[in-house]
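Dear colleague,

I am handing over the structure below, together with some notes on what came out of going through it. Please read them with the coordinates open beside you.

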Amino acid sequence: MGHLMEVRNIETYYGPTMAIRGVSFDVTQGEIVTILGANGAGKTTILKTISGLMDPQKGSVAFEGRDIQRMDPNRVAGLGISLVPEGRELFPFLSVRDNLQLGAYLRRDQAAIASDLERVFEYFPSVKARASQPAGMLSGGEQQMVAIGRALMARPKMILLDEPSLGLSPKLVKEIFEIIVRINREDRTTIVLVEQNANVALQVAHYGYILEMGRVVMADTASALLEKDDVKEFYLGIKDKGVRGVRRWKKRKTWR
Ligand SMILES: Nc1ncnc2c1ncn2[C@@H]1O[C@H](COP(=O)(O)OP(=O)(O)OP(=O)(O)O)[C@@H](O)[C@H]1O
Ligand SMILES: [Mg+2]
């Protein structure tokens with residue numbers, strides 16, 4: 001199996017601040033790749049760079065052999081890359097069903113869209129039960145499910161997940177990660193999973209990269225990373241790092 005995506009030496013800035021300092025990684029077709037790192041390591045910036053929300057100053061992002069590092073987010077989405085953004089970014093006053101339908105905005109195949117909606121409801125029965133309610137009325141876990149469902153509605157080749165476990169109870173994290181594994185196995189969708197929760201991420205991923213201050217400091221198979229002492233010490237021992245409730249305000253172009 002070849003690489004679906006090859007990221008080479010990307011450097012991404014916020015104004016004068018270099019957030020990503022020459023990052024390279026590969027995503028193998030059909031696998032779950034995780035990028036782990038603490039607050040501010042640059043995880044979200046990497047996903048914004050891949051999805052076209054930000055352009056890297058240097059370096060390249062190749063998807064199916066094609067350079068995409070300067071493409072607009074809509075074109076990147078059209079190639080089959082769906083982002084589930086940090087903090088979900090649903091439309092709180094729109095119904096759950098409408099939020100899900102928005103994920104299919106680039107598609108015209110109405111019959112397939114309808115059957116994909118059923119598929120999403122099958123993955124997330126508790127979301128189906130609340131399909132007519134405004135998305136903002138749902139719990140954090142249910143909103144995360146809607147955000148993942150919305151990404152699935154694009155029928156993507158690759159899903160980018162930005163900290164799906166954030167703010168969820170261990171039980172809900174387990175539930176959501178079981179669905180992530182099913183999406184990978186049953187739909188054969190490639191997944192890039194960004195997480196601070198190294199423990200759960202390494203349980204489901206095939207390969208992992210550890211990011212510190214905008215640089216990759218370690219890369220190995222998930223099972224090898226789980227065995228490494230420094231990974232254990234810095235990422236697996238400490239489950240609650242810092243105050244997760246206090247989030248920086250962040251500029252975003254769109255939910256996509
Ligand atoms: N809108 C912004 N303007 C300026 N600097 C920013 C902005 N967003 C992020 N940064 C900086 O870029 C670096 C990487 O941030 P990023 O959001 O990618 O980290 P992260 O790994 O996703 O962190 P978290 O786990 O908190 O989501 C940090 O130093 C951060 O302060
Ligand atoms: Mg982030």
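Which protein donors does the magnesium ion (ligand 2) have, and how far from it do they lie? Bearing in mind that this is a predicted model, the donors are the OG1 atom of Thr44 and an OE atom of Glu86, at 1.9 to 2.2 Å from the ion. Thr44 belongs to helix α1, whereas Glu86 sits in the loop between β6 and α3 (96-102), so the pair ties together parts of the chain that are 42 residues apart in sequence. Both Thr44 and Glu86 are buried.

The helix that carries Thr44 leads on to the sheets. Six strands make up an open sheet with mixed pairing, in the order β6-β7-β8-β3-β9-β10. At its edges stand β6 (81-84) and β10 (215-221), and since each of them has a single partner strand, one side of each is left without a neighbour in the sheet. From one strand to the next, the twist averages 15°. Strand β9, which covers residues 207-212, pairs with β10 in the antiparallel sense over six bridges, and within this pairing Gly208 stands opposite Asp220 of β10.

Helix α1 (residues 43-50) touches β3 (32-36), β6, β7 (158-162), β8 (190-195) and β9, and its direction makes about 150° with that of β7. Helix α7 (residues 170-186) touches β3, β7 and β8, and its direction makes about 155° with that of β8.

There is also an open sheet of four strands, ordered β2-β1-β4-β5, in which the pairing is antiparallel. The edge strands here are β2 (17-28) and β5 (66-67), each of which pairs on one side only. Strand β4, residues 58-63, runs antiparallel to β5 and is joined to it by two bridges, with Phe63 standing opposite Arg66 of β5.

Leaving aside neighbours within four places in sequence, Glu11 is in contact with Met18, Ile20, Arg21, Gly22, Pro56, Gln57 and Lys58.

Finally, the aromatic residues: a search of the whole structure finds three aromatic pairs. One of them is formed by Tyr123 and Phe124, a tilted pair with 6.3 Å from centre to centre and 55° between the planes; both of these residues are buried. Tyr207 and Tyr209 form another tilted pair, for which the centres are 5.3 Å apart and the planes make 55°.

How values were computed:
Residues are numbered from 1 along each chain as its sequence is written. Chains are lettered from A and ligands numbered from 1 in the order in which they are written. This is a predicted model: local features need pLDDT of at least 70, side-chain atom pairs count only at pLDDT 80 or more; totals for chains, interfaces and linings use all residues. Side-chain values use heavy atoms; hydrogens and water are left out. Two strands pair if DSSP finds at least two bridges between them. Axes are lines fitted to C-alpha atoms, for helices over the stretch in contact, and angles run from 0 to 180 degrees between N-to-C directions. Contact means heavy atoms within 4.5 Å. Rings of Phe, Tyr and Trp (its six-membered ring) pair if their centres lie within 6.5 Å; planes under 30 degrees apart count as stacked, over 60 as edge-to-face and the rest as tilted. Buried means under 20% relative accessible area, exposed over 50%, partly exposed in between (1.4 Å probe, protein chains only). Donors are N, O and S atoms within 2.8 Å of the metal (3.2 Å for Na, K and Ca); water is not among the atoms, so sites may look incomplete.
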